[in-house]
Amino acid sequence: MGNESESLSNFIEDIIGNDIRNNKNGGNVVTRFPPEPNGYLHIGHAKSICLNFGLAKKFNGRCHLRFDDTNPVKEDIEYIHSIQEDVTWLGFDWGEHLHYASDYFEKLYQYALELIKSGKAYVCSLNADDIRKYRGTLTEPGRDSPYRNRSVEENQELFVNMKNGTFSDGEHVLRAKIDMSSGNLNLRDPALYRIRKTSHHRTGDAWCIYPMYDFTHCLSDSIEEITHSICTLEFENNRPLYDWVLNELNTPCHPQQIEFARLSLTHTIMSKRKLLQLVQEGRVSGWDDPRMPTISGLRRRGYTPESIRDFCDRIGVARSDSVVEHAALESCIREDLNKRAMRAMAVLNPLKVIIENYPRDLTEELDAVNNPEDPEMGSRKILFSREIFIEEEDFMENPPKKFFRLFPGQEVRLKHAYYVTCTGFRKDEKTGKVTEVHCTYDPATKGGWSQDGRKVKGTLHWVSASHFTSGDVRLYDHLFSVPNPEGDSSGKVFTDFINPDSLMVIKDAVLEKGLAGAAPGDRYQFERQGYFCADIKDSVPGKPVFNRTVQLRDSWAKIMKSGKENE
RNA sequence: UGAGGUGUGGCCAAGCGGUAAGGCACCGGGUUUUGGUCUCGGUAUUCCCAGGUUCGAAUCCUGGCACCUCAGCCA
């Protein structure tokens, strides 16, 4: 890894660079990636992972993986496993620094006691509804809770009893005593601890009170001696609270919170809640459905870690809200796979071609280059015979202008094989569908070359009709048919925009024989079509199943499309 | 109408007072046994708007406008 060229520096690197120059934090750089284990990681997280681990690498520091597991009702061990797998797959290593906020529960509890002792926190016995009413609104200040002035002793006793399970959920809450009239609502005596009589996936029933994000995150950062705590823009309003907690308490250090814009991608969604909904409602096959923007979905789709890292590099890091076009992601995987994917021929919608002057009982072995971009990948043998399959769309009875594939009288090249000329075809009288095409071949063009210098405009991929393997091919498209599925202008919800054609399954496609040996996860370019990956769950040698990662650029399709639009 | 942010081509994004990088997308030429790749060229007289400072402003100042975030005992 790491062959990505050093991307242009961003504002965060500038800040850290300055800090190092000023010997802040003794010149150390320690970052962290702090996911909550309540869902699978997605491409937006990849941006954060690349940023945090990338910064650590660039400045010779380290990056921790820390699970922000303070809400047992939403979290699960399954997510802890998947997150570690995904970060590792992306190519990053947290070394010894795998941490859990839950490991700090005791320390956090002591800090809370300290805050109570100094009169900066109190137990509030208002119910959730009343707390909201007392909070005021965006434009009106809030009012002090009637419990705001309980004595330190009373607060201590109450809090200890909260911890001991004396009370039930929602009866009390520990609050910071800050400023009920602050313009920043986060400072209007935010809740620090709540009672939750739920077992935690790691601490079991050891606790019945759980700390809130604002209390936990800054202290966890400080405990781990994080120097730069990087998060997304929506936490900007929480920064004053982050700083308040660290200022009021006696902590190891005071990390600097820096916010950047989260990633949005067109034609998909990034909300974990909505992705979970897609999974739960069975709209997709799971978190790792190849249409999902999750790391596991992209992996199954055939994306490489390198391509995702390159993408994160290209999109940059800034503070303005942005929506990156999905085409930018596709460009990255095409560039990567063009260089490394083995070529193969596969016919998705077969149309039989009979080469009339080719001997009936002859089978030839022909050489096919594995990757024209990389001679070191060598070549393979492919089988040719009198009857072959070509792509249905590569033949037209009445072609439009500039169609240089097969049609009556036209000569084309069969890739790696021969020049053939169409002499006729058969059609189903009822459907009007072409059922077979007849050609003659020129024996002097073996390999696809003509000694007489005769040029041919079209080159088709093909597979011998008596030498092939069959397998299912899954053609994926955008999960959503509109660029911004979140748009609720017309009262529609995101599921209304699900693309009904996001998955098209081709049963028993005609595949070059060698493809029978594809191992799960193997990636190929099917000539003239796109990049495909043998499914890591469903593909087995001998009966392969391929997922289309991305199509090749198709300027012919573009011409046809714009032609239709201009009609 | 409170507080905090952001506005540079279709989409990202550099730029930090010296005369608009780069990528994606798009358009056109060339090469090509993938209508792929590669390659060459084109695409912002202008940086949300209006004033001002300056020899000189996307960069500094003033005033507007637009958009985003915040009223969970979620993170």
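User: Why is Glu436 called buried in this model?

Analyst: In this predicted model, Glu436 has a relative accessibility of 15%, and since buried means under 20% relative accessible area, Glu436 counts as buried. The residue lies in strand S18, which covers residues 434–442.

User: What makes the pair Glu436 and His438 a polar contact?

Analyst: The side chains of Glu436 and His438 are joined at 2.9 Å, and a polar contact requires a pair of N or O atoms within 3.5 Å, so the pair counts as a polar contact. Leaving aside residues up to four places away in sequence, Glu436 also touches Leu351, Lys352, Ile354, Phe425 and Arg426.

User: How do you know that Asn370 is buried, and where does Asn370 lie?

Analyst: The relative accessibility of Asn370 is 5%, which is under the 20% limit, and Asn370 therefore counts as buried. Asn370 lies in the loop between strand S13 (364–369) and strand S14 (379–384). Its side chain reaches the backbone oxygen of Met377 at 2.9 Å, and, with residues up to four places away in sequence not counted, Asn370 touches Ala341, Met342, Arg343, Met377, Gly378, Ser379 and Arg380.

User: Why is Gly61 called partly exposed?

Analyst: Gly61 has 31% relative accessibility, and partly exposed is the class between buried, under 20%, and exposed, over 50%, so Gly61 counts as partly exposed. Gly61 is placed in the loop between helix H2 (43–58) and strand S2 (62–67). Its C-alpha atom is separated by 5.5 Å from that of Val30, although the two residues are 31 residues apart along the chain. Gly61 touches Val29 and Ala56, again without counting residues up to four places away in sequence.

User: What makes S4 and S7 the edge strands of their sheet?

Analyst: The sheet is an open one of 4 strands in the order S4-S5-S6-S7, with antiparallel pairing. Strand S4 (121–124) and strand S7 (209–211) each pair on one side only, and they are the edge strands. On average, neighbouring strands of this sheet are turned by 20° against each other, with direction ignored.

User: How do you know that S6 and S7 pair?

Analyst: Two strands pair if there are at least two bridges between them, and 3 bridges join S6 to S7, so S6 and S7 count as paired. The two strands run antiparallel, and Tyr193 stands opposite Pro211 in S7. Helix H6 (residues 152–164) packs on this sheet, touching S4, strand S5 (173–176), S6 and S7, and the direction of H6 makes about 65° with that of S4.

User: What makes the pair formed by Arg194 and RNA strand B a polar contact?

Analyst: A polar side-chain atom of Arg194 lies 2.9 Å from a phosphate oxygen of RNA strand B, and because the limit for a polar contact is 3.5 Å, the pair qualifies.

User: Which residues and elements surround RNA strand B?

Analyst: RNA strand B is surrounded by 68 residues, the closest being Arg343, Arg405, Gly447, Gln525 and Arg553. Among the elements that each supply at least two residues of the surface near RNA strand B are helix H5 (128–135) and strand S6 (191–195). By class, this surface has 24 nonpolar, 19 polar and 25 charged residues.

Notes
Residues are numbered from 1 along each chain as its sequence is written. Chains are lettered from A and ligands numbered from 1 in the order in which they are written. This is a predicted model: local features need pLDDT of at least 70, side-chain atom pairs count only at pLDDT 80 or more; totals for chains, interfaces and linings use all residues. Side-chain values use heavy atoms; hydrogens and water are left out. A residue is near a molecule or strand if one of its heavy atoms lies within 4 Å of it. A polar contact is a pair of N or O atoms within 3.5 Å; within protein, one must be able to donate a hydrogen and the other to accept it, and residues adjacent in sequence count only if both atoms are side-chain atoms. Ala, Val, Leu, Ile, Met, Phe, Trp, Tyr, Cys and Pro count as nonpolar, Asp, Glu, Lys and Arg as charged, and the others, Gly among them, as polar. Axes are lines fitted to C-alpha atoms, for helices over the stretch in contact, and angles run from 0 to 180 degrees between N-to-C directions. Contact means heavy atoms within 4.5 Å. Buried means under 20% relative accessible area, exposed over 50%, partly exposed in between (1.4 Å probe, protein chains only).
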